[in-house]
Amino acid sequence: MTIKSTQLEPTAILRNLGLSTRETQVYLVLLKNGPMLPLNIARQTGLKRTSLYALFPEMLEKGLIREVTQGKRRLFQAVSPESLLSEYQRKYQAVKEGLVKF
């Protein structure tokens, strides 16, 4: 007899929040490793650096990552899961309140 876990894997949770597969990969790598250079993110995720440079502005706008500068180097860092959850809860509440008015 096997027992099924009721907890979702981090990948499934992020996908349920609406993150794309690539966004999920990048977010989890950054969460695990801390601030990283795009080259290192590309190596860890298997994504091309050019794809990452197209993805970063979207992820910054969504509040998933932040840019950190160390001298002339641009590193990227995942926002904390708590901050991410708070932002999604705020957006959910705004949508809920907007729909109640109808």
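The model is predicted: local features need pLDDT of at least 70, side-chain atom pairs count only at pLDDT 80 or more, and totals for chains, interfaces and linings use all residues. Residues are numbered from 1 along each chain as its sequence is written, and side-chain values use heavy atoms, with hydrogens and water left out.

Helix H2 comes first here. Helices (H or I, at least four residues) and strands (E, at least two) are DSSP runs, numbered from the N terminus. H2 has 13 residues. From its first C-alpha to its last, H2 reaches 18 Å, close to the 18 Å expected at 1.5 Å a residue. The expected span is 1.5 Å times one less than the number of residues in the helix. Buried residues of H2 are Glu23, Thr24, Val26, Tyr27, Val29 and Leu30. Buried means under 20% relative accessible area, exposed means over 50%, and partly exposed lies in between (1.4 Å probe, protein chains only). The cover over the buried residues of H2 includes helix H1 (10–16), H3, H4, strand S1 (65–70), S2 and helix H5 (81–100). Gly34 follows H2 and has a positive phi, near 85°.

Thr24 is found in H2. Thr24 counts as buried because its relative accessible area is 2%. Residues up to four places away in sequence aside, Thr24 touches Thr11, Leu14, Arg15 and Leu19. Contact means heavy atoms within 4.5 Å. Leu19 sits in the loop between H1 and H2. Leu19 has 2% relative accessibility and so counts as buried. Beyond four places in sequence, Leu19 touches Leu14, Thr24, Leu64 and Tyr88. The C-alpha atoms of Leu19 and Met59 are separated by 9.2 Å, although the two residues are 40 residues apart along the chain.

Helix H3 spans residues 38–45. In H3, the residues Pro38, Ile41, Ala42 and Thr45 are buried. Seen down the axis of H3, these buried residues fall within an arc of 100°, so they line one face of the helix. The arc is that of the directions from the helix axis to the C-beta atoms. An α-helix has 3.6 residues a turn, so residues three or four places apart point the same way. The buried residues of H3 are covered by elements including helix H2 (21–33), helix H4 (49–62) and strand S2 (73–78). Gly46 follows H3, and its phi is positive, near 85°.

Thr45 belongs to H3. Thr45 counts as buried because its relative accessibility is 12%. A polar atom of the Thr45 side chain lies 2.9 Å from the backbone oxygen of Ile41. Not counting residues up to four places away in sequence, Thr45 touches Gln25, Val26 and Val29.

Leu55 lies in helix H4. Its relative accessible area is 2%, so Leu55 is buried. Setting aside neighbours within four places in sequence, Leu55 is in contact with Arg22, Glu23 and Val26. Leu55 and Glu67 are 12 residues apart in sequence and 13 Å apart in space, C-alpha to C-alpha.

Aromatic rings were examined next. A search of the whole structure finds 2 aromatic pairs. Rings of Phe, Tyr and Trp (its six-membered ring) pair if their centres lie within 6.5 Å; planes under 30 degrees apart count as stacked, over 60 as edge-to-face and the rest as tilted. The ring centres of Tyr53 and Phe56 are 6.0 Å apart and the planes stand at 90°, so this pair is edge-to-face. Both residues lie in H4, 3 residues apart, about one turn of the helix. Tyr53 counts as partly exposed because its relative accessibility is 41%. Phe56 has a relative accessible area of 2% and is therefore buried. The rings of Phe56 and Phe76 have centres 3.9 Å apart and planes at 20°, so the pair is stacked. This pair links distant parts of the chain: Phe56 is in helix H4 and Phe76 is in strand S2, 20 residues apart. Phe76 has 0% relative accessibility and so counts as buried. Tyr53, Phe56 and Phe76 form one aromatic cluster.

A charge also sits over a ring. Lys91 lies over the face of Tyr88, at 5.5 Å from the ring centre. The criterion is NZ of Lys or CZ of Arg within 6 Å of the ring centre and within 35 degrees of the ring normal.

Key:
Polar contact = N/O pair within 3.5 Å; in protein donor to acceptor, adjacent residues only side chain to side chain.
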